[in-house]
Amino acid sequence: MIDYDLSRIKLVVFDVDGVLSAETITLSAEGEPLRTVNIKDGYAIQLACKKGLRVAIITGGSTKAVYKRYSGLGVTDIFMGAKNKLEVYERLLSECNISDEEVVYVGDDIPDHAVMCRVGCPCCPKDACSDIKAVSRYVCDRKGGYGVGREILEQVLKAQGKWMDDEVAFGW
């Protein structure tokens with residue numbers, strides 16, 4: 001269980017590669033990265049969006065498939081090609097009028113470090129690098145790409161009384 005007052009959380013931010021997809025990526029013949037996604041992550045993300053929890057993606061990658069997947073689940077804050085994730089994060093917080101303490105950030109590698117040192121509740125997959133584990137309040141039981149999003153969002157939604165609480169939870 002995450003040792004944080006998750007009832008305060010208004011925003012959950014995910015990195016993609018190594019968090020919502022596995023750390024190994026297949027490349028197409030054209031050199032396009034092909035990612036796998038976890039169906040249970042998808043369910044939790046769309047439910048969180050429907051329940052009013054703001055979900056964002058901040059990734060260094062930039063592919064149409066990533067945008068299509070997460071926008072299709074209801075995520076409106078999708079930042080791709082992020083060279084400096086902290087700058088993107090600060091801009092997002094300013095636009096949303098949310099404080100660091102109201103944010104869960106889930107990352108797995110060095111580009112996530114600066115943001116994770118700022119947020120109230122930094123989390124990471126089981127296979128994150130040691131520097132990220134060192135600044136994480138919670139290390140997931142799962143590896144990146146294998147249900148990390150579900151593990152985090154389920155805990156947040158339960159803490160807020162929004163998990164399996166009405167008919168919205170039982171459909172897509």
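This is a predicted model: local features need pLDDT of at least 70, side-chain atom pairs count only at pLDDT 80 or more; totals for chains, interfaces and linings use all residues.
## The sheet

Two strands count as paired if DSSP finds at least two bridges between them.

Residues are numbered from 1 along each chain as its sequence is written. Local features need pLDDT of at least 70 and side-chain atom pairs count only at pLDDT 80 or more, while totals for chains, interfaces and linings use all residues, and side-chain values use heavy atoms, with hydrogens and water left out.

Strand E4 spans residues 54–58, and because 4 of its 5 residues are buried, it is largely enclosed by the rest of the structure; here buried means under 20% relative accessible area, exposed over 50%, and partly exposed in between, with a 1.4 Å probe and protein chains only.

E4 pairs with strand E1 (residues 11–14) in the parallel sense over 4 bridges, and Phe14 stands opposite Ile57 of E4. Strand E5 (residues 77–79) also runs parallel to E4, joined to it by 3 bridges, with Ile58 opposite Phe79 in E5. Between E4 and E5 the chain passes through helix H2 (residues 64–72), in a β-α-β crossover that is right-handed: with the strands pointing away from the viewer, the path from the first strand over the helix to the second runs clockwise. Helices are DSSP runs of H or I with at least four residues.

## The nonpolar cores

A nonpolar core is a set of buried Ala, Val, Leu, Ile, Met, Phe, Trp, Tyr and Cys residues joined through side-chain atoms within 4.5 Å. The largest has 35 residues, and those with the most contacts inside it are Phe14, Tyr70, Val104 and Ile152. The elements that give two or more residues to this core include E1, E4, H2, strand E6 (103–106) and helix H6 (148–159). Apart from it lies another core, of 20 residues, among them Leu11, Val13, Ala82 and Ile98.

Not counting residues up to four places away in sequence, Ile152 touches residues including Val12, Val104 and Cys123, where contact means heavy atoms within 4.5 Å.

## A buried glutamine

Gln46 lies in helix H1 (residues 39–50) and is buried, with a relative accessible area of 4%. Leaving aside neighbours within four places in sequence, Gln46 is in contact with Leu73, Gly171 and Trp172.
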